[in-house]
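Trainee: I have a structure to go through with you. Can we take it one question at a time?

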Amino acid sequence: MGLIIVQETSELSHVALSGRLDAPGVEELEEEFFAHTESRRLPALVDMSAVTFIASMGIRMLIRCAQALHHAEVRMVLINPQPLVKNALDTAGITPMIHIASDAIQALAQLADE
Amino acid sequence: MCNALNELPRLNQSVQSFLQQHEAPPPAVFAANLALEEMITNIIKYGYDDSLSHDIRITLTREPGRLTVRIEDDGHEFNPLSQPPPDTSPQIEKRKIGGLGIHLVRRTVDAMWYRRREGRNLLEMIIRLPSDTEPAAPSTSNAGSCPGT
């Protein structure tokens, strides 16, 4: 699993994940992911377009981050997950509580609607 | 394979290689990967109380119209079909995190069977395949065994 910092400002965190969000992948990058999202306590965009696979460990990582940001009264938006990844998120009941946008512009618009 | 999380990448490679060789469609590849990831991780994390190496046997079989994933282990008795569904509450502040793995697999594969026999858990999962991708003959792949078991 890979993580790229797309943008980090005093108002927003924007990261991009890639590869497999499975047990080994999450173990490899979870701390870094939380450091650039949850720990900053700012609205967060998470680009999922290059994530090829997601398992429960990956979904748990996203839920944990979203819950922490919710406590900080900000939101996380996932950007453009691949169809099979989106199916897994739907099956886990994620999509009603973590918004999904098709691109960064739509994601920013969703955050601005808060 | 051995009951160690660091074996998972090697297992993933073997599975990918087999499924690519048999031109399995992407949804079936995803389902097989998910089934193995979730069930094997559970066995490794919760199946044993000792620090010994245990052999987890994994078999993939490609037949007309279906892919069968079989997992056999000598861990604690555990029937994934008897597990209660997890919390899928839509309210983020109330959402509990656990129990998702088995739920995902049960909702993703097309059929599951479990039985306990002679101290071993036997789990079989079926993933249906489109009929236009049928192989000439059934083909089976076994993940390598754990040395020292």
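Trainee: In what order do the five strands of the open sheet in chain B run?

Mentor: This is a predicted model, so read every value as computed. The pairing in this open sheet of chain B is antiparallel. The edge strands are β3 (111-117) and β5 (139-142) of chain B, each pairing on one side only. The order is β3-β4-β2-β1-β5.

Trainee: By what angle are neighbouring strands of this sheet turned against each other on average?

Mentor: Direction is ignored here.

Trainee: Over how many bridges do β2 and β4 of chain B pair?

Mentor: β2(B) covers residues 66-73, and β4(B) covers residues 120-128. One bridge joins B:Arg66 to B:Arg128 in β4(B). The two strands pair in the antiparallel sense, and the count of bridges is eight.

Trainee: Which helix of chain B packs on the sheet, touching β1, β2 and β4?

Mentor: Its direction makes about 10° with that of β2(B). The β1 strand that it touches spans 57-63. The helix, residues 26-46, is α2(B).

Trainee: Which residues touch the most other members of the largest nonpolar core?

Mentor: That core has 66 residues. α2(B) gives the most to it, with 11 residues. Take B:Ala32: leaving aside neighbours within four places in sequence, its contacts are B:Val15, B:Leu19, B:Leu60, B:Leu67, B:Val69 and B:Ile127. The residues that touch the most other members are B:Ala32 and B:Ala35.

Trainee: Now the two chains. Which helix gives the most to the side of chain A that touches chain B?

Mentor: Contact involves 20 residues of chain A and 23 residues of chain B. In chain A, α1 (23-35), α2 (56-71) and α3 (83-91) each supply at least two residues of that side. By class, the side has 12 nonpolar, five polar and three charged residues. With eight residues, the top contributor is α2(A).

Trainee: Which residues of α2(A) are buried?

Mentor: Buried here takes 20 or more other C-beta atoms within 10 Å. After the helix comes A:Glu73, with a positive phi near 65°. The buried residues of α2(A) are A:Ser56, A:Met57, A:Gly58, A:Ile59, A:Met61, A:Leu62, A:Ile63, A:Cys65, A:Ala66 and A:Leu69.

Definitions and conventions: Residues numbered from 1 in each chain as written. Chains lettered and ligands numbered in written order. Predicted model: local features only at pLDDT ≥ 70, side-chain atom pairs only at ≥ 80, totals over all residues. Contact = placed C-beta atoms within 7 Å. Helix = DSSP H or I, 4+ residues; strand = E, 2+ residues; numbered from the N terminus. Nonpolar A, V, L, I, M, F, W, Y, C, P; charged D, E, K, R; others polar. Buried ≥ 20, exposed ≤ 12 C-beta atoms within 10 Å, placed from the backbone. Pairing = 2+ DSSP bridges. Axes fitted to C-alpha atoms, helices over the stretch in contact; angles between N-to-C directions. Core = buried A, V, L, I, M, F, W, Y, C linked by C-beta atoms within 7 Å.
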